[in-house]
Amino acid sequence: MRPIAASNVGLLQQHEAPPVATQFARPRRSDARLHSDKEVLDFLGFAPNIQQAMLARGPMPSVLLVRFLGTSLSGQWSGILVTKGEHERFKDLKQPGETPAKTYAFTNPAG
């Protein structure tokens, strides 16, 4: 989860342990990188055999590029993509940037 406030950006990666938040001044553009290490792959729910295959291929960090335009906020997510074959076995890994980024528009839930 990555909640975003109006004047600052607060990044929050939530685990079973107490979450840790980091805040910094509002830039026009910022990025957050998520390294695909064993801890992150566990958190995301990948099976151990899939994790081993992914880690053997040296996954690059996934990136969320955030842009502030006036009062609106948009983001582009470039992440790893795992393809499974028969019997849920690892088939392929696409690195960030090998597939088109996914675009998101964020809104303020407080209105």
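Two residues are in contact here when heavy atoms of theirs lie within 4.5 Å. With that in hand, the predicted model can be explored one element at a time.

Leaving aside residues up to four places away in sequence, Ser62 is in contact with Ala32, Arg33, Leu34, Ser36, Trp77, Ser78, Gly79, Ile80 and Pro96. One of these neighbours also takes part in a polar contact: a polar atom of the Ser62 side chain sits 3.3 Å from the backbone nitrogen of Ile80. Is Ser62 buried or exposed? Its relative accessibility is 4%, and because buried means under 20%, Ser62 counts as buried.

Ser36, one of the residues that Ser62 touches, lies in the loop between strand E3 (29–34) and helix H1 (38–43). With a relative accessible area of 9%, Ser36 is buried as well. Again not counting residues up to four places away in sequence, the contacts of Ser36 are Leu41, Leu55, Pro59, Met60, Ser62 and Ile80.

The view can now widen to strand E4 as a whole. Of the 8 residues in E4, 6 are buried, so the strand is mostly covered. Val66 is another residue of E4, and its relative accessibility of 10% places Val66 among the buried ones. In sequence, Val66 is 37 residues away from Thr103, while in space the C-alpha atoms of Val66 and Thr103 are 9.9 Å apart.

Which strand pairs with E4, and in what sense? The partner is E5 (residues 72–78), and the two run antiparallel, joined over 7 bridges. Within this pairing, Arg67 stands opposite Ser74 of E5. E4 and E5 make up a hairpin, with 2 residues between the strands. In the turn of the hairpin, Gly70 adopts a positive phi of about 65°.

The largest nonpolar core is made of 8 residues, namely Leu41, Ile50, Ala53, Met54, Ile80, Val82, Phe90 and Leu93. Helix H2 (48–56) and strand E7 (90–94) each contribute at least two residues to this core. H2 gives the largest share, with 3 residues. Ile80, the residue whose backbone nitrogen lies 3.3 Å from the side chain of Ser62, is itself a member of the core.

Which residues of H2 are buried? They are Ile50, Gln51, Ala53 and Met54. These residues lie on the same side of H2, because they cover an arc of only 165° around the axis. Pro48, Gln52 and Ala56, on the other side of H2, are exposed. What do the buried residues of H2 pack against? Their partners are H1, strand E6 (81–84) and E7. Just after the end of H2, Gly58 takes a positive phi of about 60°.

Finally, there are the charged pairs. How many salt bridges does the structure hold? The count is 3. One of them joins the side chains of Lys38 and Asp42, with an N to O distance of 3.1 Å. Both residues belong to helix H1, where Lys38 and Asp42 are 4 residues apart, about one turn of the helix. Lys38 has a relative accessible area of 47% and is partly exposed, and Asp42, with 42%, is partly exposed too.

Another salt bridge links the side chains of Glu88 and Lys84, at 3.3 Å from N to O. Here the two partners fall into separate classes: Glu88 is exposed, with a relative accessible area of 52%, whereas Lys84, at 40%, counts as partly exposed. The cut-off explains this, because exposed means over 50%.

The remaining salt bridge is formed by Asp92 and Lys94, whose closest N and O atoms are 3.7 Å apart. Asp92 counts as partly exposed, at 31% relative accessibility. Lys94 counts as partly exposed as well, at 32%.

Terms used: Residues are numbered from 1 along each chain as its sequence is written. This is a predicted model: local features need pLDDT of at least 70, side-chain atom pairs count only at pLDDT 80 or more; totals for chains, interfaces and linings use all residues. Side-chain values use heavy atoms; hydrogens and water are left out. Buried means under 20% relative accessible area, exposed over 50%, partly exposed in between (1.4 Å probe, protein chains only). A polar contact is a pair of N or O atoms within 3.5 Å; within protein, one must be able to donate a hydrogen and the other to accept it, and residues adjacent in sequence count only if both atoms are side-chain atoms. A nonpolar core is a set of buried Ala, Val, Leu, Ile, Met, Phe, Trp, Tyr and Cys residues joined through side-chain atoms within 4.5 Å. Two strands pair if DSSP finds at least two bridges between them. The arc is that of the directions from the helix axis to the C-beta atoms. A salt bridge is a side-chain nitrogen of Lys or Arg within 4 Å of a carboxyl oxygen of Asp or Glu.
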